[in-house]
6 protein chains.
Amino acid sequence: MPLIHVSLFEGRSIEQKREYAKVVTAETARILKCAPEAVDIIFEDVKKSDWASAGKLASDT
Amino acid sequence: MPLIHVSLFEGRSIEQKREYAKVVTAETARILKCAPEAVDIIFEDVKKSDWASAGKLASDT
Amino acid sequence: MPLIHVSLFEGRSIEQKREYAKVVTAETARILKCAPEAVDIIFEDVKKSDWASAGKLASDT
Amino acid sequence: MPLIHVSLFEGRSIEQKREYAKVVTAETARILKCAPEAVDIIFEDVKKSDWASAGKLASDT
Amino acid sequence: MPLIHVSLFEGRSIEQKREYAKVVTAETARILKCAPEAVDIIFEDVKKSDWASAGKLASDT
Amino acid sequence: MPLIHVSLFEGRSIEQKREYAKVVTAETARILKCAPEAVDIIFEDVKKSDWASAGKLASDT
């Protein structure tokens, strides 16, 4: 607790995910007042052809 | 807002997802009374070996 | 299969959800080529103070 | 109903998922008092580089 | 890891959830070969008017 | 895009969620290189009796 699930377009590097995990865990612990050890983050890469906004696939825009 | 997350067996074509995004966004805007621009749809393809109903993997049935 | 999870601001009526379930199930069956009996839809009402876009809670905008 | 979504590190075999689906469906039906036919389980394999605990990617530990 | 998210109709007792957590954690650890300490389960109660199957809200059936 | 879903124990204040949305949106935009306008965050409050770790409900510990 807490659990953070991040859906994002595929293509981010492991370095970006590593920095994101470090920074967001620290901010989560600070603002929500929990131990950093209690924070889990799961990244879910989504293809542009699997994400639609305003009725259009992102791969079509 | 709203966010629509669709879990489905893998194998649908991009054409099907494109039509689905268009039609479901329009119906969502019409029925839930929101702007089409506010509708996000995320598709998540699931392998038949990752979905079980009634205790059996779909890949076994 | 498929499973459709809809996150939306609270305040929609049961009549809207009823129509939405009927229409979206029919379109899902038609476009994704599955039986209507196989379609599940779960609605998750979200408070405006629990949804942020562009860094602001919707309840603050 | 119920729907069970299991996020786990990739690498489990189909045999493990098959046994898991069978056993957890039976226990779900027994404890929550529903028909086994009503139980759906979806597995989501997660790469170690997509799961962070305590601010570190699991692939780094 | 693993994370188990259970969507179920509201109305189950805390005693049922307590037994479910105990039993499913033990089976998860046994079958997926992980430590019981690593297993998280989140229950999400869903109202019958928020779950549709085959195009009908469960509250209408 | 991206979408961030945060499951947390109930009891955090709106002020905490407001600060969290602001800070995490800014860090998301900075690290993942996207527009802040593209970031959505949904908070899901979970009761302690609906979250189990290591086989025990958090409300029992």
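In this predicted model, strand β2(C) pairs with strand β3(E) in the antiparallel sense, over 3 bridges. Within that pairing, Asp40(C) stands opposite Ser53(E) of β3(E). The two strands belong to an open sheet of 8 strands with mixed pairing, to which chains A, B, C and E contribute.

**The sheet**

- The strand order is β4(A)-β3(A)-β2(B)-β1(B)-β1(C)-β2(C)-β3(E)-β4(E).
- At the edges are β4 (56-57) of chain A and β4 (56-57) of chain E, each of which pairs on one side only.
- Strand β1 (residues 3-9) of chain B and strand β1 (residues 3-9) of chain C run antiparallel and are joined by 5 bridges.
- Ile4(B) is found opposite Val6(C), a residue of β1(C).

**Helices across the sheet**

- Helix α1 (residues 14-32) of chain B lies across β3 (51-53) and β4 of chain A, β1 and β2 (40-46) of chain B, and β1 of chain C.
- This helix of chain B runs at about 140° to β2(B).
- Helix α1 (residues 14-32) of chain C lies across β1 of chain B, β1 and β2 (40-46) of chain C, and β3 (51-53) and β4 of chain E.
- The helix of chain C runs at about 140° to β2(C).

**Interface of chain C and chain E**

- Contacts link 16 residues of chain C with 12 residues of chain E.
- About 1100 Å² is buried between chain C and chain E, with 49% of it on carbon and sulfur atoms.
- There are 2 salt bridges across this interface, and one of the salt bridges joins the side chains of Arg18(C) and Asp60(E) at 2.6 Å, N to O.
- Polar contacts connect 7 residue pairs across the interface of chain C and chain E.
- On the side of chain C that touches chain E, α1 and β2 of chain C are the elements that give two or more residues.
- That side of chain C has 7 nonpolar, 2 polar and 7 charged residues.

**Interface of chain A and chain F**

- Chain A and chain F also meet, with 23 residues of chain A in contact with 23 residues of chain F.
- The buried area between chain A and chain F is about 2200 Å², and carbon and sulfur atoms give 64% of it.
- Strands β1(A) and β1 (residues 3-9) of chain F pair in the antiparallel sense over 5 bridges, and His5(A) has His5(F) as its bridge partner.
- Between chain A and chain F there are 2 salt bridges, including one between the side chains of Arg30(F) and Glu19(A) at 3.2 Å, N to O.
- Across this interface, 11 residue pairs are in polar contact.
- The elements giving two or more residues to the side of chain A that touches chain F are β1 (3-9) and α1 (14-32) of chain A, and the largest share, 10 residues, comes from α1(A).
- By class, this side of chain A has 14 nonpolar, 4 polar and 5 charged residues.

Terms used: Residues are numbered from 1 along each chain as its sequence is written. Chains are lettered from A and ligands numbered from 1 in the order in which they are written. This is a predicted model: local features need pLDDT of at least 70, side-chain atom pairs count only at pLDDT 80 or more; totals for chains, interfaces and linings use all residues. Side-chain values use heavy atoms; hydrogens and water are left out. Two strands pair if DSSP finds at least two bridges between them. Helices (H or I, at least four residues) and strands (E, at least two) are DSSP runs, numbered from the N terminus. Contact means heavy atoms within 4.5 Å. Axes are lines fitted to C-alpha atoms, for helices over the stretch in contact, and angles run from 0 to 180 degrees between N-to-C directions. Buried area is the accessible area (1.4 Å probe) that two parts lose on being put together, summed over both. A salt bridge is a side-chain nitrogen of Lys or Arg within 4 Å of a carboxyl oxygen of Asp or Glu. A polar contact is a pair of N or O atoms within 3.5 Å; within protein, one must be able to donate a hydrogen and the other to accept it, and residues adjacent in sequence count only if both atoms are side-chain atoms. Ala, Val, Leu, Ile, Met, Phe, Trp, Tyr, Cys and Pro count as nonpolar, Asp, Glu, Lys and Arg as charged, and the others, Gly among them, as polar.
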